[in-house]
Amino acid sequence: MDTSLTFVGTATVILRLGRFRLLTDPNFLHRGQRARLGWGLSSRRRTDPALDIDQLPRLDAVVLSHLHGDHFDDVARDGLDRSVPVLTTPHARRRLRRWGFDAATGLETWDSWELGDDEERVRITSVPARHGPVGVHRLLPPVQGTVIDHERRGRRVLRLYITGDTVLVPELREIRDRFGDIDVMVAHLGGTRVGGVLVTLDASQGSDLVEMVGPGRVVPVHFDDYDVFRSPLTHFLEEMRARGMGDRVRVVGRGDTVELPPSTGRWIAASPGPGTGSANAPGTPFDGLPPR
């Protein structure tokens, strides 16, 4: 498959964009292990990743939304090739450089980083995200969303938006203003609550963001892997269906791979991987809800 997404678990996906391979938010802890969240807080993982870090393909870059233990864990710190560029926030870049990731690059909001040449190119742009309401977000690591453009011979063939861990805030509107025609949105959901405060999109806010940004398709991630997640995937699917947007959602099982055509194209399920299996059979319509 020339352009595809493989879901590993939590917010970890492998993106195959032509000749390029990108990894997002590497989290390879296993069921029962704890991710450190800072301030003495941690969360126990409920699931296993679909593959281990030594099973990764050759990578051209890592896209890291922020430096939290469920997005960059000790396994990633010890096991990733430290020569691979990591595109992240300036805050995370400083810490990664101290850990020996000398190719880590910090992007300010709206900054871009490119990989490739005139024949084929990937452009990675940092976009707004806020990990909780005003005030609370200052107690958490700074976070970024990401827009990834895949181009061939100067023509864009795919635009993908990764939300990062965010809540619905006004500055997210500018993403649609600057980046229209988003083909695929990878939504960090889960309704994560820390001390009772919502710090990631829940079903309602996730659906609001879909309406605000207007992607052609939505791939939900980050929804059931840790015990701080409070809003299950079924709630998001039901909310999207109630708003008449259920046909935009594509649930990808852990270990499964889907092709990523533009939003005018048709989703095609690849052969199942070692994960939980696709929510629908290859090539069949998807209404946003898992089989009953």
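**Figure 1. Asp208 and its salt bridge to Arg243 in the predicted model.** Asp208 has a relative accessibility of 25% and therefore counts as partly exposed. Arg243, also at 25% relative accessibility, is likewise classed as partly exposed. The side chains of Asp208 and Arg243 form a salt bridge, with an N to O distance of 2.6 Å. This pair connects distant parts of the chain, 35 residues apart: Asp208 belongs to helix 4 (residues 203–213), whereas Arg243 lies in the loop between helix 5 (233–242) and strand 17 (257–259).

**Figure 2. A network of salt bridges.** In total, the structure contains 21 salt bridges.

**Figure 3. The salt bridge between Arg159 and Asp149.** The two side chains meet at 2.6 Å, N to O. Asp149 is in strand 11 (residues 145–152) and Arg159 in strand 12 (residues 155–162), so the pair ties together parts that are 10 residues apart in sequence. Both Arg159 and Asp149 are buried.

**Figure 4. The salt bridge between Glu114 and Arg123.** The closest N and O atoms of this pair are 2.7 Å apart. Glu114 counts as partly exposed because its relative accessibility is 38%.

**Figure 5. The chain as the setting of these views.** Five helices and 17 strands make up the secondary structure of the chain. Of its 292 residues, 58% are buried. The accessible surface of the chain is about 12,000 Å², and carbon and sulfur atoms contribute 47% of this area. Among contacts with a separation of 6 or more, 61% are between residues 24 or more positions apart.

Methods: Residues are numbered from 1 along each chain as its sequence is written. This is a predicted model: local features need pLDDT of at least 70, side-chain atom pairs count only at pLDDT 80 or more; totals for chains, interfaces and linings use all residues. Side-chain values use heavy atoms; hydrogens and water are left out. Helices (H or I, at least four residues) and strands (E, at least two) are DSSP runs, numbered from the N terminus. Buried means under 20% relative accessible area, exposed over 50%, partly exposed in between (1.4 Å probe, protein chains only). Contact means heavy atoms within 4.5 Å. Accessible areas come from the Shrake-Rupley method with a 1.4 Å probe; for residues, only the protein chains shown count as cover. A salt bridge is a side-chain nitrogen of Lys or Arg within 4 Å of a carboxyl oxygen of Asp or Glu.
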